[in-house]
Amino acid sequence: MIGRDRAIDAYRQTFGTPPTHLASAPGRVNLIGDHTDYQDGFVLPMALHLRTWIAFTPIDGDWVDAVADDLGSRVQFGFSKMRARPRAWSNYLIGVANELQKAGKTLRGWEGVIASDVPRGSGLSSSAALEIASLVAFTVGVDWDPLEMALLAQRAENEWVGMNSGIMDQLVSAAATEGTALFIDCHTNETESVALPSDTTTVVMDTSTRRGLVDSEYNERRAACERVAATLGVPSLRFATLGQLDRHAARLSPVEMRRGTHVITENERVASFRAAGGDRMMMGKLMNESHESLARDFEVSTPALDAITALARHAPGCLGARLTGAGFGGAAVALVDRAATQAFVEEVTHAFHRQTGLVPSIFATTPGPGARLEHL
């Protein structure tokens, strides 16, 4: 049963009546441009058809009663006493409610049930999907600006969850257009819809390995990039060149040189991917190069991610493959000739299981829409 139906059914069982509204927001897969968003760089993600759903009914009170159906957990909190709870999923809800309140926005209380189709810890941005879906629920009847809401959600993740993420995940979840990927300039927050070649399919390859980003080295990677930018005398690595990096090599550690190299060259790859004009061979080549940079220079790949990308590149119809998201586990993505999609999925699934003993979740997807509100 998909998350939409689970959320609605669980609402009836929990509250005894049907819900009146349904909020949803998608996870995302990033085609190219990882660890660039928090350095004001370029990214090119697309929204997935996998979504987080909240079946809910607005209430007149200034409180929330929310059930996480997938976790078997329930939280109740009022808007006047919002506090983070150690390692609790409810921090995502409390965080966005607090940021809305700080921004002077009108909050609607609600009672609801949350169910998600986005696998947690897979690098497909389940957290942003929850943040954006909850913002939809909190703001029923209020003018809804995708960029404004994405920025509020980003602040909630930074300050309430402790994850120093950039804007990419929240913005694509809020603002994606069905049928196209979304180029984002993370310095200006300007976006542009980008069509993918019509004879290709995007395939997500979840390795079934998981990571917890707050506990990982993600925040250390961000800190290293900030040190490099400060040494180069630029606001962020968006404004740096390889020539500048080389000129300051004596003042940077080998690790910092590698981190800077990745971000600068990854921005170049995103720009080239955007400008490829449907040249699918070029797009695939850039994806391959991106993975090598993430593995070698940024050191966020894992044996499972390296294995699945290598196997993908030898499978039928593959044009390019790379890890997606922050790394340290989770998923990879491949651009595949549409006619070979089924053969590709079957080959990589069986080959990865034979090589690693892990059972991956591999599926073809098309660009989905951003956040939505339905009246039931």
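A residue counts as buried when its relative accessible area is under 20%, as exposed when it is over 50%, and as partly exposed in between, using a 1.4 Å probe and protein chains only. Keep that in mind as we start with helix α5, residues 168–175; helices (H or I, at least four residues) and strands (E, at least two) are DSSP runs, numbered from the N terminus. In α5, Met168, Asp169, Gln170, Leu171, Val172, Ser173 and Ala174 are buried. Because seven of its eight residues are buried, α5 is largely enclosed by the rest of the structure. The cover over these buried residues includes β1, β2, α3 (126–138), α4 (146–161), β6 and β7 (190–194), where contact means heavy atoms within 4.5 Å.

A word on what you are looking at: this is a predicted model, in which local features need pLDDT of at least 70 and side-chain atom pairs count only at pLDDT 80 or more, while totals for chains, interfaces and linings use all residues. Residues are numbered from 1 along each chain as its sequence is written, and side-chain values use heavy atoms, with hydrogens and water left out.

One of the elements covering α5 is β2, so let us turn to that strand because 17 of its 18 residues are buried, leaving it largely enclosed by the rest of the structure. Strands count as paired if DSSP finds at least two bridges between them. β2 runs antiparallel to β1 (residues 21–32), with ten bridges joining the two, and alanine 23 stands opposite isoleucine 54 in β2. With β5, the antiparallel pairing covers eight bridges; here isoleucine 59 has glycine 109 of β5 as its bridge partner. Two bridges also join β2 to β6 (residues 181–185), again antiparallel, and phenylalanine 42 is partnered with aspartate 185 in β6.

Next, follow the aromatic rings. Rings of Phe, Tyr and Trp (its six-membered ring) pair if their centres lie within 6.5 Å; planes under 30 degrees apart count as stacked, over 60 as edge-to-face and the rest as tilted. The whole structure holds seven such pairs. In one of them, the ring centres of tyrosine 11 and phenylalanine 15 are 4.7 Å apart and the planes meet at 40°, so the pair is tilted. Tyrosine 11 and phenylalanine 15 are about one helical turn apart because they are four residues apart in helix α1 (residues 3–15). Both tyrosine 11 and phenylalanine 15 are buried. Another pair, phenylalanine 56 with tryptophan 110, is edge-to-face, at 6.0 Å centre to centre and 65° between the planes. This pair links distant parts of the chain, since phenylalanine 56 is in β2 (residues 42–59) and tryptophan 110 is in β5 (residues 109–116), 54 residues apart. Phe56 and Trp110 belong to one aromatic cluster together with Phe77, Phe79 and Phe138.

Finally, look at the nonpolar cores, each a set of buried Ala, Val, Leu, Ile, Met, Phe, Trp, Tyr and Cys residues joined through side-chain atoms within 4.5 Å. The largest has 41 residues, and Met205, Phe344 and Val348 touch the most other members. Elements supplying at least two residues each include β8 (200–206), α10 (303–313) and α11 (341–356). Of the contributors, α10 gives the most, with six residues. Leaving aside neighbours within four places in sequence, phenylalanine 344 is in contact with Val203, Met205, Ala312, Ala315, Pro316, Cys318, Ala334 and Val336. Apart from this core lies another, of 36 residues, among them Ala23, Phe56, Phe77 and Leu93.
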